[in-house]
Amino acid sequence: MRLYDTLTRRLQELPPPPGPIRMYVCGPTVYQRIHVGNARPFVLSMWLARWLRHGGYDVTLTENITDINDKIYAAAPGASAKLAAEASDWYVEDTDELGLGRPDHEPKATESIPEIVTMIEELVSSGHAYPAGGDVYFRVSSYPDYGKLSGRHGDDEAMHNPSEEDEPDELKEDPRDFALWKAHKEGEDTSWDSPWGRGRPGWHIECSAMAERWLGPVFEIHGGGLDLVFPHHENEIAQSRSLGHPFAQLWMHNGILRLAGEKMSKSLGNIVSLRQALDEWGRETLLVYFLGGHWRKPLDFSDMSLGQAASQVATFKNAFLNELPPIATRPWDDFAAALDDDFNTPNALAILHDWATGTQKDLLRRGLEVFGLETLAELPEPPEVIRDLAEQRQQARRARDFERADELRREIESWRWEVRDAGDDYTLVPRPE
């Protein structure tokens with residue numbers, strides 16, 4: 001299998017099965033319910049892990065929860081810990097409803113303080129970081145490869161203060177330097193002891209420490225949204241590789257979800273929460289919607305795109321209601337080749353449609369299962385009124401009252417259900433949409 005690597009700007013072959021394949025994916029910063037765009041890396045990582053395991057790989061997936069961050073302090077002054085705990089629960093609750101299971105590890109920054117402090121101490125003792133006014137900053141000039149991931153180099157304005165968080169430039173040796181540890185400030189309700197005084201970690205060091213705690217100093221894949229390439233992932237590489245840790249071998253960055261042509265963002269306020277989308281469209285439609293976009297490309301979120309996904313869901317469901325004999329269509333190897341070539345889900349989706357229209361139910365069921373959509377092959381339970389009508393019809397058939405049996409069949413069909421007889425038994429199925 002090969003995947004596109006942001007660092008080398010080319011497709012890279014994964015090691016052969018069983019690997020191992022250790023994956024770290026940046027999860028959300030929790031201060032409100034996540035939006036649909038936040039769900040894309042979660043869905044992608046769960047799908048990729050499923051497919052790799054299907055191919056015989058030994059996979060470990062770690063996806064963190066950032067519950068220490070300036071955004072959380074700003075959203076709930078004096079009550080950030082309570083908000084972060086609640087929002088963490090919302091995140092798990094909402095992503096659970098996607099029906100894809102959970103990552104193997106879901107560490108929180110608040111649970112990783114000892115590892116974070118140890119890593120900062122190593123950076124300070126090796127000269128790659130320096131204390132200043134209760135803060136600790138990473139010395140960007142000490143890492144010659146800084147900017148290689150993002151393609152940003154030099155001392156231009158784009159490199160200054162590479163952080164989403166508030167950091168005073170007067171404490172820095174270089175405007176490019178970024179905080180590893182921040183001194184406790186008035187109004188912040190959480191802080192921890194450290195060799196530099198009470199405080200809390202900066203955003204970037206959290207992920208380096210959590211990734212290495214759960215996956216070791218070298219692992220195969222690091223994932224996250226395209227908006228994390230700079231500064232977050234650039235800073236992660238600098239921190240870890242400055243200590244001689246190889247860190248991630250391949251970097252996957254998924255495209256951004258757009259609403260009305262703009263990046264979906266909490267800060268811009270143009271968001272649709274995952275909770276809203278699940279309530280309106282359901283998990284199956286959302287998952288088929290995600291399938292339709294290549295993971296590296298932006299994806300537009302609109303009623304039209306979701307409506308198209310809902311129609312595709314109906315096509316798959318109807319395939320399992322169709323009694324036509326299967327016709328020759330594309331083999332499983334074509335489906336596998338699509339996913340092994342940079343995890344091309346749009347091509348895989350097209351093959352699923354071929355199987356649906358060709359009534360290849362076994363192949364279709366097998367393919368849908370890769371993406372957690374095996375529920376599309378399940379026949380829904382008929383309502384009680386339909387079951388009662390079907391039993392009355394069965395009694396009429398046994399009494400050889402075929403006129404009454406036909407009347408009851410027509411009544412069942414008026415409810416958009418049909419009876420399929422099989423000897424002295426029958427099956428109730430919804431009529432195709």
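The model is a predicted one, so local features are reported only at pLDDT of at least 70 and side-chain atom pairs only at pLDDT 80 or more, while totals for chains, interfaces and linings use all residues. Residues are numbered from 1 along each chain as its sequence is written, and side-chain values rest on heavy atoms, with hydrogens and water left out.

In overall terms, the C-alpha trace of the protein chain spans about 95 × 45 × 35 Å along its principal axes. The chain carries 14 helices and 15 strands, taken as DSSP runs numbered from the N terminus (helices H or I, at least four residues; strands E, at least two). Of its 433 residues, 54% are buried, where buried means under 20% relative accessible area with a 1.4 Å probe, counting protein chains only. Among contacts (heavy atoms within 4.5 Å) with a separation of 6 or more, 73% join residues 24 or more positions apart.

Turning to the sheet, four strands line up in the order β4-β3-β9-β10, open and with parallel pairing; strands count as paired if DSSP finds at least two bridges between them. The edges are β4 (59-63) and β10 (247-254), each of which pairs on one side only. Neighbouring strands here are turned by 20° against each other on average, direction ignored. Strand β3 (residues 21-25) runs parallel to β4 over 5 bridges, and Ile-21 sits opposite Val-59 in β4.

Two helices pack on this sheet. Helix α1 (residues 36-54) touches β3, β4, β9 (218-225) and β10, and its direction makes about 170° with that of β4. Helix α6 (residues 229-242) touches β9 and β10, at about 175° to the direction of β10. Such angles run from 0 to 180 degrees between N-to-C directions, with axes fitted to C-alpha atoms, for helices over the stretch in contact. As for α1 itself, 15 of its 19 residues are buried, so the helix is largely enclosed by the rest of the structure. Gly-56, which follows α1, has a positive phi near 95°.

Elsewhere, helix α13 (residues 384-398) packs against helix α14 (residues 402-414) at an angle of about 160°, with the axes 8 Å apart. The two are therefore roughly antiparallel, a label for angles over 145 degrees. Residues making the contact include Ile-386, Leu-389 and Ala-390 of α13 and Phe-402, Ala-405 and Leu-408 of α14.

Key
Buried means under 20% relative accessible area, exposed over 50%, partly exposed in between (1.4 Å probe, protein chains only). Angles under 35 degrees count as roughly parallel, over 145 as roughly antiparallel, 65 to 115 as roughly perpendicular and the rest as oblique.
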